[in-house]
Protein chains: 2
Amino acid sequence: MRAEVERFRRLHQSGAPLILPNAWDVASAAALARAGFAAIGTTSLGVAVANGLPDAAGVTRVETVELVRRSAGVPALLTVDVEGGFDDAAGVAAEIADAGAVGINIEDGRPDGSLTPLAEQVARIAAVKARVPDLFVNARTDTHWLAVDKERTLERVRAYADAGADGVFVPGLADPDDVVRVVRSVPIPVNVLYLPGRHTVAQLAGLGVRRVSTGSLLFRAALAATVRTAEAVRDGGAVPESLPSYAEAQALVGS
Amino acid sequence: MRAEVERFRRLHQSGAPLILPNAWDVASAAALARAGFAAIGTTSLGVAVANGLPDAAGVTRVETVELVRRSAGVPALLTVDVEGGFDDAAGVAAEIADAGAVGINIEDGRPDGSLTPLAEQVARIAAVKARVPDLFVNARTDTHWLAVDKERTLERVRAYADAGADGVFVPGLADPDDVVRVVRSVPIPVNVLYLPGRHTVAQLAGLGVRRVSTGSLLFRAALAATVRTAEAVRDGGAVPESLPSYAEAQALVGS
């Protein structure tokens with residue numbers, strides 16, 4: 001595992017930012033790996049809703065770990081959204097590392113829309129690093145995502161870096177000046193959520209961003225394609241062309 | 001359950017054929033229900049690959065039943081592909097009915113590409129109907145799908161109807177004359193797999209088809225959309241518009 005984590009770490013240090021697409025099941029992860037993405041994240045929204053559960057409610061620990069186990073054969077590095085850590089961040093991190101993932105995202109947003117107190121989140125991050133030093137811990141602050149305490153963003157990312165986080169993630173961050181301020185505040189890679197129409201990867205690269213992830217975007221695109229295609233069949237419209245064949249989809253998993 | 005099965009049965013008897021889109025997880029099922037589809041099938045390819053397993057290998061019994069259980073809150077009638085019955089067709093059918101589904105698809109194709117002997121498949125269908133009389137059993141013959149014994153198609157569908165099947169399904173059927181021959185051979189609803197570019201629902205309706213399902217088409221469209229969207233982010237291309245929002249995706253499941 002150490003070598004794979006090292007490889008993942010280096011993907012944050014090459015010329016271009018790491019583009020991290022987010023999967024929610026083995027099929028989406030395997031299809032993204034097949035398309036050439038070297039590392040893949042997960043979307044907690046996708047994992048939750050695919051399993052009939054709500055996101056960001058701390059109820060998908062079993063499903064999240066199971067996804068990592070089932071994805072062991074996917075030829076890509078996997079980093080996993082564990083929401084707030086399911087009340088056992090170090091334990092979950094250890095399970096996920098055992099199952100073969102190279103990293104986690106752990107967030108300070110809580111189901112009620114507030115932030116976990118800073119000292120508590122710092123302790124959580126430190127506990128994960130103490131238990132699984134080899135895991136790449138991407139510490140997410142939801143100051144922008146939940147639009148609470150935005151002015152505390154720099155304080156939070158600095159504290160998480162000091163606690164041992166390997167990267168920080170501020171979803172919802174869009175204003176270039178805000179991005180630059182975060183990048184300058186910490187000596188570790190900064191992750192930004194791709195927001196369609198708000199920026200491009202090239203622009204974010206120019207601001208010093210080292211990882212760009214897609215969050216729930218791909219999951220939502222898949223849902224839209226599912227419904228649109230069903231409606232096209234029903235209404236006699238055109239269905240998408242150039243789809244993977246049955247055999248290509250089957251070949252995404254070992255048989 | 002009896003009332004729901006009756007409602008499902010009637011959907012095969014209205015003016016237009018039943019359009020049955022096929023889901024593979026709770027999210028796709030819930031999105032299709034939200035789009036107004038009254039009944040939803042499952043795609044065994046999608047269920048298998050989403051879980052990191054091969055299709056048509058008889059290895060997804062647990063995942064298939066689990067999907068039905070997790071989909072209990074989806075506001076649509078659910079009919080479930082159980083491949084060949086996982087060596088326990090009646091038992092699986094009972095579990096699936098208990099979990100709230102109104103029907104199953106059971107196929108005579110085998111993992112090695114041959115057909116289950118006719119007498120054996122007839123006994124299997126009869127056993128399911130004896131155990132769960134209220135379940136709508138759609139008996140699928142893979143003569144066209146596997147391109148074996150095509151000339152035995154009518155013999156098979158008649159035998160399945162005589163064994164108590166509530167409908168028959170011949171995936172791969174495309175030639176209008178072949179479709180009409182099957183429709184005229186049995187007194188129960190005939191299901192055809194939608195094949196893009198080969199026919200429309202309106203044409204199939206004119207031939208007497210009573211159910212049109214999408215098989216793995218929506219799953220493959222979702223995979224394609226996933227990869228295309230990730231590539232668009234990476235390459236600075238246009239990502240799809242009019243996607244469901246985070247809140248809309250979250251609202252697909254009860255919270």
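Is A:Phe136 buried or exposed, and at what relative accessibility? At 1%, A:Phe136 counts as buried (under 20% relative accessible area; exposed is over 50% and partly exposed in between, with a 1.4 Å probe and protein chains only). Welcome to a predicted model, in which local features need pLDDT of at least 70, side-chain atom pairs count only at pLDDT 80 or more, and totals for chains, interfaces and linings use all residues. Residues are numbered from 1 along each chain as its sequence is written, chains are lettered from A in the order in which they are written, and side-chain values use heavy atoms, without hydrogens and water.

**Aromatic pairs**
- Over all chains there are 6 aromatic pairs (Phe, Tyr or Trp rings, the six-membered one for Trp, with centres within 6.5 Å; planes under 30 degrees apart are stacked, over 60 edge-to-face, the rest tilted).
- A:Phe8 and A:Phe136 form an edge-to-face pair, because their planes stand at 80 degrees, with ring centres 5.2 Å apart.
- This pair ties together helix H1 (residues 2-11) and strand E6 (residues 136-140) of chain A, parts 128 residues apart in sequence (DSSP runs numbered from the N terminus: helices H or I, at least four residues; strands E, at least two).
- A:Phe8 is buried too, at 0% relative accessibility.
- In chain B, the rings of B:Phe8 and B:Phe136 are also edge-to-face, at 5.2 Å and 80 degrees, and both residues are buried.

**Symmetry**
- Chain B superposes on chain A by a rotation of 180 degrees with 0.0 Å of shift along the axis, at RMSD 0.0 Å (least squares on C-alpha atoms of residues with pLDDT of at least 70 in both).
- The two copies are therefore related as by a two-fold rotation axis.
- B:Ala222 is the residue of chain B closest to that axis, its C-alpha lying at 2.1 Å.
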